[in-house]
Amino acid sequence: MSAENRVIVVGGGLAGLAAAVRVAEAGLPVDLFSLVPVKRSHSVCAQGGINACNEVARQQGYSEYQHFDETIYGGDYLADQHPVLEMANWAPKVIDLLDRMGVPFNRTSEGNRDLRLFGGSLFKRTHFAGATTGQQLLYALDEQTRRYEAEGLVKKYEFWEFLWPVTEGEGEGRRCVGIVAQDMRTMQIRPFRADAVVMATGGCGLVFGKSTNSIICNGGAAARCYQAGAWYANPEMIQVHPTAIPGADKCRLMSESARGEGGRVWVPRKKGDRRKADQIPEDERWYFLEEKYPGYGNLVPRDIATREIFDICVNQHMGVDGENQVYLDLTHKDPDYLTRKLGGIMEIYEKFVGDDPRKVPMKIFPAVHYSMGGLWTTFTPGSYTPETPVGEHKPGMVPPVDAQPGHGLAIGAPNNSMTNIDGLYAFGEVNFAYHGATRLGANALLSCIFDGLFCGVSVVNFVKGDRVREAPAESLPSQVFDRFVEQEEAKVKKLLDSVQMRGEIAPEHNGYTIANELGVEMNAACTVVKTEGRLKKCIEKVRELRERYSKVVMSDSAAWSNQSLSFVRATGDMLVIAELIAKASLEREESRGSHYRLDFPERDDDRFLKTLVGEYDPASDEHKISFREIDTSLVKPRPRTYGRVDAKPQDKKEAVAQS
Amino acid sequence: MVADNTPSADNAQETSTPEGSGRARKVRFRIKRCEGPGKPVYWQTFAVQTEPGANIISCLQKIAEHPVTVEGERTTPVTWDSGCLEEVCGACTMVINGRVRQSCSALIDRIAPNDGDEVVLEPMSKFPVIRDLWVDRQRMFEALKKIDAWVPIDGTYSLGAGPKESPETQATRYVLSTCMSCGCCLEACPQYLKEEDPAKWDSSFIGAAALSQARLFNLHETGKQGRKDRLDALMGPGGVSECGNAQNCVKVCPKHIPLTESIAAIGRAVTVHSIAKWFTGK
């Protein structure tokens, strides 16, 4: 490394901050870019907890390997198995580290870290801090980042927007050497040089209009990398969370931990029953999840719970008060216990709905929550190579491999979590690798921090490598950067030239209206249930919106803090990702995890046990979609039924209650 | 599982957001505007068609889509800061009808329940305005640097678990740790003054949020190592002694953080620390 080497991290959520801390710790200066002060990143919204094997669960027959197996099974075999194995093995160490950083994890009477149940597991293996775990983990990493900032190793660029990756070279030899960014206050656009760039920019919930995501989660940064040539994998895998409160501006999440702490989902057995919840006797309540999935009950994975709730409301018209809503009931629990374990979400429900969920069952409905898909990344496999893929791992069995680091991934290999462009990395939610077709609850915080810490070392090693040594970003001619600055300035000029300061802007060309229509369309066509006909209609609609967007008219010409510019520019990128999501949904003619095709209701391993990869062609403005083989050499795919009562006996035996 | 009936399924999905029990009506928003530092302040009024469940954010979004005043004058979209929209990020703090709070949790049916009610929006007054309702709260994050608001760990490598902690200490620390740096406590504090010049941040009163964070880290087994430095930082000008005990901070804190308890605890610790320092010279 020379004195001039630098690393750029884009995004200040859990993944970005973990990466910044790890890289700075190795002595490499970091430039950290974020649309918001990093302490306000979307990670604060994560509520329920973070998964890791622990001593209590271990003595009940759980193991890191079981966590790995659950994650692969939960993701319906679409996750990359090697990174998931490494992540599960590191999980207990990640918790220990966060504990050392001062995260106020809930405690038992003896002072140990408390645990709760979460979806997709029959063991208590979720660590938590009230019901604001994401906030608490983010703050711990924010504090450590501030420590390096005070030492001068991290420089923050907050209220700066990432506009484009700067690359040099072509084809396989293409390398990322910096970014172009814009100060959202002064509107200055300038290049930044770096020997490696980490994208840690989260998901794309805003493409679906109202979601559980923050206002900043528009997927714009990932969409820009995609348009610059980075591959985007499994875009069709969008998680719809079963329990959210619909609102006028967004849908607010009601954590899975509500069910982990005993919350029960039900509707009145009698259609159109208008009695208040507490007037309906126990035997007239339909606990449909518990009935259909006796083993996991209310803690089936999210895609399954979502489809069941959707079916109850939309197809059977059994929703509470005839509306699209079901009860999430905690009223049988001690109110003090609820405050202690779930205070954060109790407060959200009270503030935004007005009822006290300790006394009245909550009314909830599914909402778009998480993008399993994202920028495609690669890795170097570790030392674990079973002769044949291992079948189902039952609790109490001796794991086929111990939890030593390096079994899943080669530690420090420069390509871990690197995109198809050299030196451009994707960490956290924007990385497609960890969650396959469905993410298990409380695995997201883990994958974000694991990526940052574990693959942060890979970034350092890449910067120490030959390629950077021979041509550090600092040594490159300014033309390499200038052409991307010009490209971004031209985009801004086109938008500002469109500004109309008088009269009403026609809805066809109003950027905000286009974004709203996009959200409604994507929510209707690309979420819980998908069909060929509806997807084709959606693709047409997105085409129409893109056409209208090409003549978009802006309403603000300010050369200072022009938020409209930022929003309307990102809308263009959201349209590109939306089109890719819809086309990918059409191409995947099967049902797997969160992707449910009414016209292809079964999983089809022969054709689609594959990663779907989108590649953007700027010349034709087309998405080239292809399928890549998934390495299933560690775990053998099996039917994913979670012990559903009407599943074929041979398919469900793997999931009876074990604890 | 799902009936073979795509159109109805899709239609239901499109209309699948029950919006609460309020009703649609027009609400007036009087908004204090400013195009940037050094630019004049002016007021504009907008009438917004609200929907049931509407909050300040959803109304500002509508103004952004149709930036037309009640006089029918086309203007620019109002600029404001927001993030999570569920009151955990702190971004969307502003002064609403004279009271500082987050705009996401300000539901229209509660703050303007009657027809003809007006909602007045102003930026926080203790921080420099960037544009309209968007202010620069960088000083809050600088204050966290000043008090070493972190646990001084031995790096991020695997070194076993942290210290055990009683549920009582966890409960105390947890509530302190929910501070989202929103700045409500500073807006309401008579001693906390607006300082445009960063050179003055160090000597001007640091405010409740940072004092409470100092207490948070002093309570942690490892964080305690930095206790003396924190107390030193809070001894001099701008430190805890400048608190005038108005107790406004604790009343406006959206997370119900016991800020006055924190200030008292830090006050006592600083007193003891300064006496000890006087005797021992350390």
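Modeller: Domain bounds here come from an automatic or database domain assignment. The model itself is predicted.

Colleague: What makes up the domains of chain B in that assignment?

Modeller: For chain B the assignment gives domain 1 as residues 25-135, and domain 2 as 138-155 together with 163-280. Between the C-alpha centres of these two domains of chain B there are 31 Å.

Colleague: How do you know which residues of domain 1 and domain 2 of chain B are in contact, and how many are there?

Modeller: A contact needs heavy atoms within 4.5 Å. On that basis, 15 residues of domain 1 of chain B are in contact with 16 residues of domain 2 of chain B. The area buried between domain 1 and domain 2 of chain B comes to about 1300 Å², with 56% of it from carbon and sulfur atoms. On the domain 1 side of chain B, the residues that lose the most area to domain 2 are V100(B), K126(B) and F127(B), which together make up 45% of what that side buries.

Colleague: Why is the pair K255(B) and E87(B) called a salt bridge?

Modeller: The closest N and O atoms of K255(B) and E87(B) are 3.3 Å apart. The limit for a Lys or Arg nitrogen and a carboxyl oxygen is 4 Å, so the pair qualifies. The rule finds one salt bridge across the interface of domain 1 and domain 2 of chain B. As for polar contacts, six residue pairs are counted between these two domains of chain B, with both residues at pLDDT 80 or more.

Colleague: Which elements of chain B give two or more residues to the side of domain 1 that touches domain 2?

Modeller: They are strands β3 (93-96) and β4 (99-102) of chain B. β4(B) gives the most, with four residues. By class, this side of domain 1 of chain B holds seven nonpolar, four polar and four charged residues.

Colleague: What makes the link between chain B and chain A, counted in residues in contact?

Modeller: Here 96 residues of chain B are in contact with 102 residues of chain A. About 8100 Å² is buried between chain B and chain A, and carbon and sulfur atoms give 52% of that area. The rule finds seven salt bridges across the interface of these chains.

Colleague: Why do E87(B) and K351(A) count as a salt bridge?

Modeller: Their side chains meet at 2.6 Å, N to O. That distance is within 4 Å, so E87(B) and K351(A) meet the rule. Across the interface of chain B and chain A there are also 42 residue pairs in polar contact, both residues being at pLDDT 80 or more. Among the elements that give two or more residues to the chain B side are α1 (6-14) and α2 (56-65) of chain B. α1(B) gives the most, with seven residues. The chain B side that touches chain A divides into 43 nonpolar, 33 polar and 20 charged residues.

Colleague: What are the domains of chain A?

Modeller: Chain A is assigned domain 1 (7-240 + 371-475), domain 2 (243-368) and domain 3 (479-604). The C-alpha centres of domain 2 and domain 3 of chain A are 33 Å apart. Five residues of domain 2 of chain A are in contact with seven residues of domain 3 of chain A. Those two domains of chain A bury about 480 Å² between them, 77% of it given by carbon and sulfur atoms. In domain 2 of chain A, D303(A), R307(A) and F310(A) lose the most area to domain 3, together 73% of what that side buries.

Colleague: Why is S417(A) called buried?

Modeller: S417(A) has 5% relative accessibility. Buried means under 20%, so S417(A) falls in that class. S417(A) lies in the loop between β18 (374-375) and β19 (424-426) of chain A, and has a positive phi of about 60° although it is not a glycine.

Colleague: Why is S561(A) counted as buried?

Modeller: Its relative accessibility is 0%, which is under the 20% limit, so S561(A) counts as buried. S561(A) is found in the loop between α15 (532-549) and α16 (563-587) of chain A. The phi of S561(A) is near 50°, a positive value in a residue other than glycine.

Technical notes
Residues are numbered from 1 along each chain as its sequence is written. Chains are lettered from A and ligands numbered from 1 in the order in which they are written. This is a predicted model: local features need pLDDT of at least 70, side-chain atom pairs count only at pLDDT 80 or more; totals for chains, interfaces and linings use all residues. Side-chain values use heavy atoms; hydrogens and water are left out. Buried area is the accessible area (1.4 Å probe) that two parts lose on being put together, summed over both. A polar contact is a pair of N or O atoms within 3.5 Å; within protein, one must be able to donate a hydrogen and the other to accept it, and residues adjacent in sequence count only if both atoms are side-chain atoms. Ala, Val, Leu, Ile, Met, Phe, Trp, Tyr, Cys and Pro count as nonpolar, Asp, Glu, Lys and Arg as charged, and the others, Gly among them, as polar. Buried means under 20% relative accessible area, exposed over 50%, partly exposed in between (1.4 Å probe, protein chains only).
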